[in-house]
Amino acid sequence: MTVRVWTLEIPSPHKMLSANGNKPWQETSAAKREWRAAAHIWAQKARLPRGLDRVRVDIELHFTARRARRDAPNYHPYVCKPIVDALAASRRVRDSRQPSGWRIEPGYGLIPDDTEAHLDGPHPTIADEPADRRKYPLGLAIVTITDLSGGIDA
């Protein structure tokens, strides 16, 4: 049995926000929206498969500067979760600002939903080496997706 693995390099579309920060909702909402859109685009470019039953998602965060301490789980709500949301199927959510009262959040459809039944993760880590600031001015997220659906024969 062969295990299928895909890797996406997603240049940070927004400053990587930590859950420890006290940011206004407008900034956190923008960060989540931009990360989700970027992950969706990079999944399309990579031509990932669709409709897998279960995957594991590991996310390695590369910042542009070394810092003594960063806690990887703090980047879950504003970086990792939007990436995972983009990999799952699109979903329709209530939005009173829209004329129809609904909006569609983009999703690639790699897995049907980002519930525990279909997803192991995301598992964030902080990279030892910083990202090249000239190439990735806001940082880089390297997303590794492992198919846990049962694999394919070699």
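Leaving aside its neighbours within four places in sequence, which residues is Tyr78 in contact with? The legends below take up this question first and then turn to other close-up views.

The model is predicted, so that local features need pLDDT of at least 70 and side-chain atom pairs count only at pLDDT 80 or more, while totals for chains, interfaces and linings use all residues. Residues are numbered from 1 along each chain as its sequence is written, and side-chain values use heavy atoms, with hydrogens and water left out.

View 1. Apart from neighbours within four places in sequence, Tyr78 is in contact (heavy atoms within 4.5 Å) with Leu17, Ser18, Ala19, Thr28, Ala31, Lys32 and Trp35. The C-alpha atoms of Tyr78 and Ser18 are separated by 7.0 Å, although the two residues lie 60 residues apart along the chain. With a relative accessible area of 18%, Tyr78 is buried, a term that means under 20% relative accessible area, against over 50% for exposed and partly exposed in between (1.4 Å probe, protein chains only). Helices here are DSSP runs of H or I with at least four residues, and strands are runs of E with at least two, numbered from the N terminus.

**View 2. Packing of helix α1 (residues 25-46) and helix α2 (residues 76-87).** The two helices pack at an angle of about 40°, with their axes 8 Å apart; axes are lines fitted to C-alpha atoms over the stretch in contact, and angles run from 0 to 180 degrees between N-to-C directions. That angle makes α1 oblique to α2, because angles under 35 degrees count as roughly parallel, over 145 as roughly antiparallel, 65 to 115 as roughly perpendicular and the rest as oblique. Residues of α1, among them Thr28, Trp35 and Ala43, meet residues of α2 that include Pro77, Tyr78 and Leu87. Nine of the twelve residues of α2 are buried, so this helix is largely enclosed by the rest of the structure.

View 3. Seven bridges join β1 to strand β6 (residues 140-147), and the two strands run antiparallel; strands pair if DSSP finds at least two bridges between them. Val5 stands opposite Thr146 in β6.

**View 4. His118 in the loop between β4 (102-108) and β5 (119-126).** At 17% relative accessibility, His118 counts as buried. Not counting residues up to four places away in sequence, His118 touches Asp53, Arg54, Val55, Ile111, Pro112 and Asp113.
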